[in-house]
Amino acid sequence: MTNRRQFLRKSALLGAASLTADYLLANDKVAEHHGPKPGSECIYDGKIYQNIKFQTFNSSNDILNNAIRIFNRELHTRTGLDFSTGKGNPLTIELRAVPQSMPLEAFRIEHLEADRISIKASDDKGLLFGLGKLLHTSLLTTAGFTPGTWQGLSVPEKPFRMIYFATHFYNFYHEAPIDQVIKYIEDLAFWGYNGIAVWFDMHHYNGIRDAEAQLMIDRLALLLQAGKSVGMKTMLTMLANEGYASSPLNLRAKAPKQVNLRGKYGVEICPSQPGGAELILKQVDQELDEFIKRGVAVDYLSLWPYDQGGCGCDQCTPWGSNGFLKMTNRITKQAQKKIPGLKTIQSTWLFDIAVDEGEWAGLAKAYNREKPVVSYIMADSHETFPKYLMNNPVPGNLPLLNFPEISMWNSWPWGGFGANPLPQRFQDLWSPIKDQVAGGYLYSEGLFEDLNKVLYSRFYWDSQEPVGVALREYVAFNFSIDHADRIIEAIHIMEKNHGLNMVNNELVKNAPTRFTVPENDFGAKRAYQLLSDIDLDLPRNVKTSWRWRILMLRAMFDVEFRLSKGVENPKIIAGFKELGQIYSSKKANIHVRPPLI
Ligand SMILES: [Zn+2]
């Protein structure tokens, strides 16, 4: 489907799925507002603006001002034009907050008359998400801005839509210029994310006063504040028995059971040792103080049992339903005294992973006896969703969150070969749990899974919407509406060909670097040819954008590694170098940077 009008109509009709029953009352005219009104398509489709004015009503605060700033920035970046001094009749975008007129974070877009679009919401976040929807469904070219015809009410289905940025190994989030990372957080807010999570990973440091620790907290605080400025909630993740590198030897935890799957740093603390639990609580308290001192309002703590973490001593096991449970209770109560209203999430990551140790059953039993103090359970895994929850209710009947792994699956180094689009995989993982979860938070290592983030943002917004709708919107907005079909075809080929890996890695001195290539080829040459042909036709700002380049490079690697039978060549090495610049990975650890640079 290359016709823009068809595309916009389809988007509008599918948007109807966002309606919730409460807002489809008989006397509500929303339903008939959906999709282009007769005639309105002709007014808006094809009219190009170089001049846009915003009118705000009942609201003028930082979140809304930032939303307008981001919208203007994207207009400028993607068209090269300055809309504030634009020529011709202006398009006026009305932004109107009407408290309690619809669910929080929802929005309604209406095309009122020629040259005027209205976005209404109950709150500023809804207005921000509405601006994001208008932007992503519109056409931005060097000629100007053509508004999309999407209209109607859109209500987020899942309240919890967060993203976790792993800030380690000098990956993009850890090392890139902070302005770039902040801009990226703003991009994600426009796709509907309403929260950001980070982890202050204690084992790197000798204590909270360690100069390096302070620098890391400075950076994490800036990321959380950037999230706040676009209405996001903030979350700190942590192990429930985390330790600094300098943790007292006599208080250290024993390796957890099934340590080969769960890992350990070896500095974790055993809460069953006298003074162990108190030290853990003191460290959490100090960490919260550091963020408070930097002006960050922390909304959630996410408490983890393993990876790394846990204690395998007799008093602590089974960790998930014993030592861990006690610590999540104590940390929650203590943190809530400091920050009233703070909520905690109990992670069950790697519970009963290969051998059933009774962790799931024990947690359920405990929550039958006593009301949980945590507010959510998080469950997920590297592969399929934990079986326990497919056959049993969530312990304590708590709301359930997932933790999609969008970065590392079946390819190493992470991001080393450019984009890793996996739409079908995520649809398959999402479908069985879509009615069970209240949302979730994604695990992210960097820019290379940008498309995957957008796909999940839409699952959370509208669990029933097929993944192809968000995929098309992403492609049309970032690359080209006219070429969307062929770009999507290339992406599906890339997903089937996913699985490039480095072996004999650089951790082994003087070992030659080799690469393994998936045995079957589902059309690597065709995918690369499709994108190469389209590349010739794209405007300069699109063809040089990092989102397009990581896709192009991935298509190139899929071909070149097959031709070279897993050995690098000059084209491959040039591709690695370009990726390294996009990721700011000069200092990065081998896990998170392109090979051979
Ligand atoms: Zn222990």
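The model is predicted. The domain assignment gives domain 1 as 4-154 and domain 2 as 160-466. Two helix pairs are described below: helix 14 with helix 15, and helix 16 with helix 17.

**Domains and their contact**

- The centres of domain 1 and domain 2, taken over C-alpha atoms, are 35 Å apart.
- The contact involves 14 residues of domain 1 and 13 residues of domain 2.
- On the domain 1 side, helix 4 (62-79) and helix 5 (124-136) each supply at least two residues.
- Helix 5 gives the most to that side, with six residues.
- By class, the domain 1 side divides into seven nonpolar, three polar and four charged residues.

- Strand 14 (residues 400-402) pairs with strand 15 (residues 437-444) over two bridges, in the parallel sense.

**Helix 14 with helix 15**

- Helix 14 (residues 423-430) packs on helix 15 at an angle of about 30 degrees.
- Their axes are 10 Å apart.
- Angles under 35 degrees count as roughly parallel, so helix 14 and helix 15 are roughly parallel to each other.
- The crossing of helix 14 and helix 15 is right-handed.
- Helix 14 contributes Pro-423, Phe-426 and Trp-430 to the contact.
- Helix 15 meets them with Asn-452, Leu-455, Tyr-456 and Phe-459.
- This contact has six nonpolar residues, one polar residue and no charged residues.

**Helix 16 with helix 17**

- Helix 16 (residues 467-478) and helix 17 (residues 484-496) cross at roughly 120 degrees.
- The axes of helix 16 and helix 17 come within 10 Å.
- Roughly perpendicular covers 65 to 115 degrees and roughly antiparallel starts over 145, so helix 16 and helix 17 are oblique to each other.
- The crossing of helix 16 and helix 17 is right-handed.
- From helix 16, the contact takes in Leu-471, Arg-472, Val-475 and Ala-476.
- From helix 17, the residues are Ala-484, Ile-487 and Ile-488.
- The classes here are six nonpolar, no polar and one charged.

**Backbone sites to check**

- The peptide bond from Asp-307 to Gln-308 is cis, and omega is near -5 degrees.
- Gln-308 sits in the loop between strand 11 (300-304) and helix 11 (323-338).
- Thr-317 and Pro-318 are also joined by a cis peptide bond, with omega about -10 degrees.
- Pro-318 lies in the loop between strand 11 and helix 11.
- Gln-258 is not a glycine, yet has a positive phi of about 50 degrees.
- Gln-258 is placed in the loop between strand 10 (233-239) and helix 9 (259-262).

Conventions: Residues are numbered from 1 along each chain as its sequence is written. This is a predicted model: local features need pLDDT of at least 70, side-chain atom pairs count only at pLDDT 80 or more; totals for chains, interfaces and linings use all residues. Two strands pair if DSSP finds at least two bridges between them. Helices (H or I, at least four residues) and strands (E, at least two) are DSSP runs, numbered from the N terminus. Axes are lines fitted to C-alpha atoms, for helices over the stretch in contact, and angles run from 0 to 180 degrees between N-to-C directions. A crossing is left-handed if the near helix is turned anticlockwise from the far one by less than a right angle, and right-handed if clockwise. Two residues are in contact if their C-beta atoms, placed from the backbone, lie within 7 Å. Ala, Val, Leu, Ile, Met, Phe, Trp, Tyr, Cys and Pro count as nonpolar, Asp, Glu, Lys and Arg as charged, and the others, Gly among them, as polar. Domain bounds come from an automatic or database domain assignment.
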